[in-house]
Amino acid sequence: MTAAAVSTPRSVRSNRFRFGPLWLAAPGLAFLLIFFLVPVARLMGLSLEDADTGAMTASHYARIFETDVYFRVLLITFRIAGLTTLFSLLLGYPLAYWLSRLPDRTRGTMILLVMVPFWTSYLVKSFAWVIVLGRTGIINQIGLGSGVLGQPLELLHNELGVMIGMVHAMVPLAILTMLPVMTGIDRRLTQASATLGATPAKGFWLVYFPLSLPGAAAAGLLTFISSLGFFIVPALLGGRQQTMLAQLIIVQVQEILNWAFAGALAAMMLLAALVTCWVYDRVFGLSSLSGEPSDGKAGKTGFLRALGLAILDRVASISSAIASGSHRLLGAAVSSRMLGIYSVLLFAFLMLPTLVVLPIAFTSSQFLEFPPPGYGLEWFRTYFTSDLWVAATIRSFGVAFATAIVATVIGGFAALALARSRSRWRGIIFAFFLAPMIVPRIVIAVGLFYLFAQMGLVATDLGLVIGHTVLALPFAFVAIAAVLKSYDWRLDQAAATLGANRVQALRFVTVPLIKSGLTAAFLFAFITSFDELTVAIFVSGGVKTTLPKQMWDDMILQLNPTLAAVSVVVFIVVTTLLLAAEKLRRST
């Protein structure tokens, strides 16, 4: 009796700590704990320390709000991030809606026109906008040459230039975030509303639009948080009045060496990101970020729901009147093609930087002129014969390859763990693996720099691989998790009945069947690393220079056609990888 009573708790304890699916996420959790959570937490801790005595203090935060210049930069950052989010959603929603209505195969092809600009380096895009918007740029040349303009427009080094560059960079992110939700909406719902007497405008605003709101809100969340940490576009296209928080953090770390104040600035950015996530979670639920159905929180407040429906009903009435007017003015045929025409124009806007950079890379001129006065391969020869450029390129390929392997393996095991587990910890673990995507990159980069300085990993390839893996891991994790959602686990059970153990079932059954997700994860992680600049600025130490870091250094010093040649190389690499990913997706 006593022995039985004693043995029962032991068996319970052994079952409680048995090796289950969730343990497969342990390597990823340990990696993120050491190289993501600890550096960010340590940086936040520095913001509360006195640099001389080490005592706790709030003086660094007080300095932000008491010093006019810092407080103004804080407001500028929030304003630019907010406006970027607003315009990205307004411009991206119609295109995402148009794409969602296309047949699957056609949609896959058209999405490439969004994916290529999305994964193209921010440096390449900003470099192109300098050529387009400058005083001697394409727009001013066309305006002056046609007689429309009497003098050059000031389109660069002001807020207009920053907004153009920022919105261009964020619209693809907004579209790709909204699209999965929109494609999951049943079109028969709007058709049913039409049978009940609703006009097309009312069917859209009162039926389709509310169902697409979780996707639009998720796009707004990711766009706003990404915009908070931007520094490339403001630094190259803006002026002093458009200085953003990330630029101040870089100055505090690299030039003034004031870690505590840099930590306070980073904490303000992180706080804004967390508050935004909290608001989104309260309204929609963070689960909708993964493409799962929302938590249904949006419908819990009756007053707000009634107010929202009243506003949408009014918008629908106005839209119906506008649609009727356009039908009478333009005709039914033209009106029905307006959305397609808009989509073509937005595609042209997204592809414009690429179309500008390509011919300039082959120019025979010593200056950035468009159109080029002649063509040649001089700047490609300059690139391929430069030891500095070649070394940076080789290092970028090596670091990206190592990053892709590590991120795919860790992310694959984590995605497999969450797919097989029904533990109550699944939601928390899922959010933790997505966290590096949500926390601004500049915060992660500065935290890693402080940690690596103590570990001796600054200016090492290993430090670059670790830093890039932190950023690439969420992309690899999501890519594999998306494939595992539709995986039939009965195949593994069938393998087990035939004598296969777990490792054999994983090796010979699971991995071959999800190879498309694994390959996509590898390619996305590779692109993330190959194009990454923020971590490279800090961790490279000016010695282990990657291709984006070398491009950044040259852009700061002097713009020349060599950068266009390098941009073409980067574009070719990214496009080739994306085409490979799309081909693999279609083959499965």
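F118 is a buried residue, with a relative accessible area of 15%; buried denotes under 20% relative accessible area, exposed over 50%, and partly exposed the range in between, for a 1.4 Å probe and protein chains only. W119 is likewise buried, at 8%. The model is a predicted one, in which local features need pLDDT of at least 70 and side-chain atom pairs count only at pLDDT 80 or more, while totals for chains, interfaces and linings use all residues. Residues are numbered from 1 along each chain as its sequence is written, and side-chain values use heavy atoms, with hydrogens and water left out.

Aromatic rings of Phe, Tyr and Trp (its six-membered ring) form a pair if their centres lie within 6.5 Å; planes under 30 degrees apart are stacked, over 60 edge-to-face, and the rest tilted. By this rule there are 32 aromatic pairs. The rings of F118 and W119 are edge-to-face, because their centres are 5.1 Å apart and their planes stand at 70°. W119 also pairs edge-to-face with F475, at 5.5 Å between centres and 65° between planes. This second pair links distant parts of the chain, since W119 belongs to helix 5 (residues 104-119) and F475 to helix 21 (residues 461-484), 356 residues apart. Helices here are DSSP runs of H or I of at least four residues, numbered from the N terminus. Elsewhere, ring pairs join Y93, Y97, F204, W205, Y208 and F209 into a cluster.

Because 11 of its 15 residues are buried, helix 20 is largely enclosed by the rest of the structure. Among the buried residues are I442, G447 and F452. Just after helix 20, G456 adopts a positive phi of about 75°.

T403 lies in helix 18 (residues 387-420). T403 counts as buried because its relative accessibility is 0%. Leaving aside neighbours within four places in sequence, T403 is in contact (heavy atoms within 4.5 Å) with V465, H468, T469, A472, A525 and S529.

Key. Helices (H or I, at least four residues) and strands (E, at least two) are DSSP runs, numbered from the N terminus.
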